[in-house]
Amino acid sequence: MIVVSGLRKRFGSHTALDGMSFAVEPGQVTGFVGPNGAGKSTTMRVILGLDAPDAGTALVAGRPYRSLTRPLCHLGSLLDAGALQPGRTARNHLLWIAHSQGLPSRRVDEVLERAGLQTVARRAAGGFSLGMRQRLGIAAALLGDPPALMLDEPFNGMDPEGIVWMRQHLRGLAAEGRAVLVSSHLMSELEDTADHVVVVGRGRVIADTNIAALLKTAAAGRVTLRAGASSIDVAAGVLEAEGASVSRTDAGTLTVTGLPAEAVVTLLTTRGVPFAEISSHRATLEEAYLELTRDAVEFRAATGSEAAA
Amino acid sequence: MSAFARLVHAEWTKFRTVRGWLIGMAAAAAAIVGLGLFPGMEGTCGSGCGLPVGPGGEEVTDVFTFVHRPLAGDGTITVRVASLTGELPPDGPGKEPQPGLVPWAKAGLIVRSGTKQGATYAAVMVTGAHGVRLQHDYVHDRAGKPGGVSESAPRWLRLTRAGDVVTALESADGTSWTGVGTVRLKDLPATAEVGLFVTSPMFVEGIGAAGASSAPSLATAGFDHLTTTGGWQSATWTTERIGGTSDEHPIGGGPPPGPAAGDASGGSRAPAGGQAPGAEQTGDGFTVSGSGDIAPAVAGAAGLGTTISQTLVGTFAGLVFVVVVGAMTMTGEYRRGLIRTSLAAAPRRGAALAAKATVLGAVTFVVGVAAAAVVVTIGPGLLRDNGVYVHPVSTATELRVIAGTGALLAVAAVLALAFGVLLRRGTTAVTLAFVATVLPYLLSMTVLPVAAGAWLLRVTPAAAFAIQQSTPQYAQVEGLYTPANGFFPLTPWSGLAVLLAWATVGLAFAAYRFRRRDV
């Protein structure tokens, strides 16, 4: 649906894209995640033919976007929900886009209804809240009934109700068999939404994996142990002796890796070491993501401070 | 629907759904109509105002002193112009007239169908500063030998009528003759009025770009060695002031020597001085004084009234609104990031820009044509009701001025659009468009010296205002051919072509940048 391969782009001395490659498959929501400045928006602009890459290709339905005759019937996109002429009504905003693709005005009413904007269709878009603008942007992306959709930070600035709406909507679009690419700088926003995730940093792909596999690797069997001040050092010694790695989180807490929770309980009970609580830690998507991007963020911070100096 | 037609449809939907653009276009039309129909211009010209019309249908000035005899059939008249002197208006109130000749003071021989103003004619003459000329039917002018008349160098002139062909000759000594030219007057009757004439046009001075003063001048020629051959009907010469009026003879002058003919019209007032138009017989000739002109009538300060061009003075104000809308339709998209939505919908950028230019140009053209049509159809009537004389023009000229005004606005809007693409910022693009199109016009209409203003109106996009010129400029008529009087340095179509060239180059450059730039 959307295939990006080997994209490179420099803005002056700054490398925005450094060999970005991935594919967006139909029937699922693909999260496009990375810290700010990782190249997500640049990649999306290149896919839409707005920015020209120095190298590499981005294909939509097997062709460069610029060569599509009715592009919005192949790929619907929402880059910036605020990109509106404030005096133009929501309906007229959709109408000119529809006319550019040769679509009838009936399509406009259909997508307005789908986005829940019928009641405000004849109001100037300049007075819309961010949430309503996002809905209008989604409506515009759906005008051409495209098999692929691409949304840049659609959750930004949305209220909880809007986020729920957006998640359901994205899931629904994927369930219809569309390829959906959603960027975010917060992995947590994609929890329960994305099926697949492309994690990027420093202009290239760090991980391209489905969510289930990512969570599995990140979980990595960490155990948190809380015990009294008198016994905590003993417990640490016993566990280390069995090959676990132990770190002291605070005065009464240890984080243990390398041993499953059941083994820790058995060991401490057998040795008669008292403890207050043992909990097996379940990794969040956010933690998995932070782990993956740590290198990229550190690199960025380091180069940033060099540049500042 | 083709891909381009879809884009044009989308751009039209975009344009009509922003109230600001519609208001801008309505304001442009209102400025053109408002300044055209409510100029507060008043004059003293009643229903009797009007100019005689020449054989070609054009308005003419036909005022001169005529010493004539009827000639039946073919014949020849020869005369020596021994002297040509004149009076210019005083250079201040209460002062005496100064001696001198205006460049187009005329003295010579003329053959006419009659004494009615606007009659077909051919004349060979000595002029104040343009040598010997052969002129006919008001608008046609051919040069003979240069030089004036002095006592040491008199000029001989000869006019021969043979059928409808009139031949003019000149000589320095009355023996050796040189042809000046031949003209065919197809409407010359069998019996024509032939004789001597003297006239002297208004003395015109420009004051800055817009101001002007004009006053009558007088010329006096000493004719001698007058001889005629052929079918001359009467032995006596009749002196007549064609186009003169009896109540206008100057202080200290006698009554006009001949019966006054013609109706009241511009340019016939005689200068306030010691001499008066008239003729006095001498030994073998006449001394003839005259004031006026035999020439096409020219509008403006030197002439009588105004032209439809001047009713369209509001065009510049309309242009201000039009270039603002033109630039902002593009810079507004940049400002809000809407350009990305536009180019996602229409990724072929050259076509996208062409569609935008097409819609903007078409809308502006329609608005401009409508506004100009209202002004040109209604404006002259209102001015005439206020007593202002408006030079009539042909329907073709009206159509050219109306359509040209629309084209001027449309092409300027597209140029502003190109500036919008190149600069991407509303304030800079609008400023540049204003400086390129409106400012040169305003400067040359107001404060700039005529030469500097003319230069601006040749090279800048404002050259296109020439399309609004409605009355022609004549080399043989001294006039204030300034933009403020409705005259432009370029011909109408070449002026429009200058703007078109600017817009074409601007749009091509804009398209080049637009296609390569990241947005």
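The questions and answers below go through a predicted model with chains A and B.

Residues are numbered from 1 along each chain as its sequence is written, and chains are lettered from A in the order in which they are written. Because the model is predicted, local features need pLDDT of at least 70 and side-chain atom pairs count only at pLDDT 80 or more, while totals for chains, interfaces and linings use all residues.

Student: Which helix gives the largest share of the side of chain B that touches chain A?

Tutor: Two residues are in contact if their C-beta atoms, placed from the backbone, lie within 7 Å. By that rule the contact takes 28 residues from chain A and 26 residues from chain B. On the chain B side, two or more residues each come from helices H1 (3–16), H2 (19–37), H4 (315–336) and H5 (338–345), where helices are DSSP runs of H or I with at least four residues, numbered from the N terminus. The largest share, seven residues, comes from H1(B).

Student: How do H4(B) and H8(B) run, roughly parallel or roughly antiparallel?

Tutor: The axes, lines fitted to C-alpha atoms over the stretch in contact, have angles from 0 to 180 degrees between N-to-C directions. Those of H4(B) and H8(B) (residues 426–445) come within 8 Å and cross at roughly 160 degrees. Angles under 35 degrees count as roughly parallel, over 145 as roughly antiparallel, 65 to 115 as roughly perpendicular and the rest as oblique. H4(B) and H8(B) are therefore roughly antiparallel.

Student: How many charged residues does the contact of H2(B) with H4(B) have?

Tutor: The contact includes B:Trp21, B:Met25 and B:Ile32 in H2(B), and B:Phe321 and B:Val325 in H4(B). Asp, Glu, Lys and Arg count as charged, Ala, Val, Leu, Ile, Met, Phe, Trp, Tyr, Cys and Pro as nonpolar, and the others, Gly among them, as polar. The contact divides into 13 nonpolar residues, four polar and, for charged, none.

Student: Is B:Asp164 buried, exposed or partly exposed?

Tutor: B:Asp164 lies in the loop between strands E7 (155–162) and E8 (165–171) of chain B; strands are DSSP runs of E with at least two residues. A residue is buried if 20 or more other C-beta atoms, placed from the backbone, lie within 10 Å of its own, exposed if 12 or fewer, and partly exposed in between. Because B:Asp164 has 13 such atoms within 10 Å, its class is partly exposed.

Student: How far apart in space are B:Asp164 and B:Lys186?

Tutor: Leaving aside residues up to four places away in sequence, B:Asp164 touches B:Arg184, B:Leu185, B:Lys186 and B:Leu188. B:Asp164 and B:Lys186 are 22 residues apart in sequence, but in space their C-alpha to C-alpha distance is 5.7 Å.

Student: How many of the eight residues of H1(A) are buried?

Tutor: H1(A) covers residues 40–47 and is mostly covered. Its buried residues include A:Lys40 and A:Arg45. Of the eight residues, the number buried is seven.
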